[in-house]
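Visitor: I have a model open and would like to go through it with you. Could we begin with the charged pairs?

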Amino acid sequence: MIYLSCLALYFCTALIVIETDKGGEPIYTILRIAGLWGYISLSGAVIMNLFKPDLKRILGRPFLQLHHLFAISGLLLVTLHPVLFIILSGDPSSIIPVLSSPFLFFVNGGRVAIIIVYFAFLAGLFRLKIGTRWKVIHRLVYPALLLAIIHANLIGSTFQNPIIRIICNGLAVAIIITSILKMFKHHKKHKMEANRRIS
């Protein structure tokens with residue numbers, strides 16, 4: 001049922017985009033679906049951290065296997081999104097972050113978000129070489145996804161559809177909750193270790 005729900009989420013969101021893009025440029029439709037699916041996949045990779053101990057029992061797959069599946073597919077899709085935008089616009093500079101004003105920074109926040117996501121991905125890839133610092137860099141995916149959702153809400157034509165808006169903003173809320181709960185768990189773990197050392 002969980003697998004079917006995930007497939008239904010991807011299918012329904014793509015169907016909405018295709019329906020609203022009737023008669024438009026096919027490349028633009030693919031661009032929108034890539035951004036949407038990429039965000040959903042990366043959000044799934046983040047949110048499943050809350051269910052880490054139960055994933056193998058529920059789905060029969062280790063956490064890391066599922067986490068990497070969602071993360072890598074999400075990374076490929078969010079990369080395809082700006083690549084197709086460059087092809088459409090013919091302007092390679094359209095992916096350069098804008099720092100001239102706070103408003104323009106958030107409007108074009110997707111440009112910064114994808115850079116941060118790549119840093120987070122590379123930190124996970126080279127975690128053995130980086131050491132314990134990799135976790136700090138890897139957690140940058142949380143603010144990156146929040147930047148992406150702000151960007152989408154401000155200028156994303158896909159977000160004119162209320163269903164898409166509810167789904168993606170709901171995922172953003174789940175990401176914030178995941179971040180807070182992970183922070184509390186991390187703090188509790190360090191506190192317990194400190195108490196053990198004292199005793």
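Guide: A salt bridge here is a side-chain nitrogen of Lys or Arg within 4 Å of a carboxyl oxygen of Asp or Glu. Please keep in mind that this is a predicted model.

Visitor: How many salt bridges does a search of the whole structure find?

Guide: The search finds one salt bridge. Its partners are Asp21 and Arg32, whose closest N and O atoms are 2.2 Å apart.

Visitor: Which parts does the pair tie together?

Guide: Asp21 lies in the loop between helix H1 (2-20) and H2, while Arg32 is in helix H2, so the pair links parts that are eleven residues apart in sequence.

Visitor: Are Asp21 and Arg32 buried or exposed?

Guide: Both Asp21 and Arg32 are buried.

Visitor: What does Thr29 touch?

Guide: Leaving aside residues up to four places away in sequence, Thr29 touches Val17, Ile18 and Asp21. Thr29 sits in helix H2, which covers residues 26-47.

Visitor: And is Thr29 buried or exposed?

Guide: Thr29 is buried, because its relative accessible area is 11% and the cut-off for buried is under 20%.

Visitor: Changing topic to cysteines. How many disulfides does the structure hold?

Guide: The structure holds zero disulfides. Cys6 is in none, and the nearest cysteine sulfur, that of Cys12, is 12 Å away.

Visitor: How exposed is Cys6?

Guide: Cys6 counts as partly exposed, at 27% relative accessibility. Cys12 is partly exposed as well, with a relative accessible area of 41%.

Visitor: Now the surface. Which residues make the nonpolar patch?

Guide: The patch is made by Phe103, Leu104, Phe106, Ile150, Leu154 and Ile155, and its area is about 530 Å².

Visitor: Which helices supply at least two residues each?

Guide: Those are helix H5 (102-107) and helix H9 (141-155). Leu104 lies in helix H5, and Leu154 has its place in helix H9.

Visitor: How accessible are Leu104 and Leu154?

Guide: Leu104 is partly exposed at 35% relative accessibility. Leu154 is also partly exposed, with a relative accessible area of 43%.

Visitor: How far apart are Leu104 and Arg165?

Guide: From C-alpha to C-alpha, Leu104 and Arg165 are 21 Å apart in space, and they are 61 residues apart in sequence.

Visitor: Let us step back to the fold. How many helices and strands does the protein chain have?

Guide: The protein chain has ten helices and zero strands. Its elements, read from the N terminus on, run α-α-α-α-α-α-α-α-α-α.

Visitor: Which share of contacts join residues at least 24 apart?

Guide: Among contacts between residues at least 6 apart in sequence, 65% join residues at least 24 apart.

How values were computed:
Residues numbered from 1 in each chain as written. Predicted model: local features only at pLDDT ≥ 70, side-chain atom pairs only at ≥ 80, totals over all residues. Heavy atoms only, no water. Disulfide = S-S within 2.5 Å. Buried < 20%, exposed > 50% of the residue type's maximum accessible area, 1.4 Å probe, protein only. Patch = residues over 30% accessible without salt bridge, like charges linked within 9 Å, V, L, I, M, F, W, Y side chains within 5 Å. Areas by Shrake-Rupley, 256 points an atom, 1.4 Å probe, with all protein chains shown as cover. Helix = DSSP H or I, 4+ residues; strand = E, 2+ residues; numbered from the N terminus. Contact = heavy atoms within 4.5 Å.
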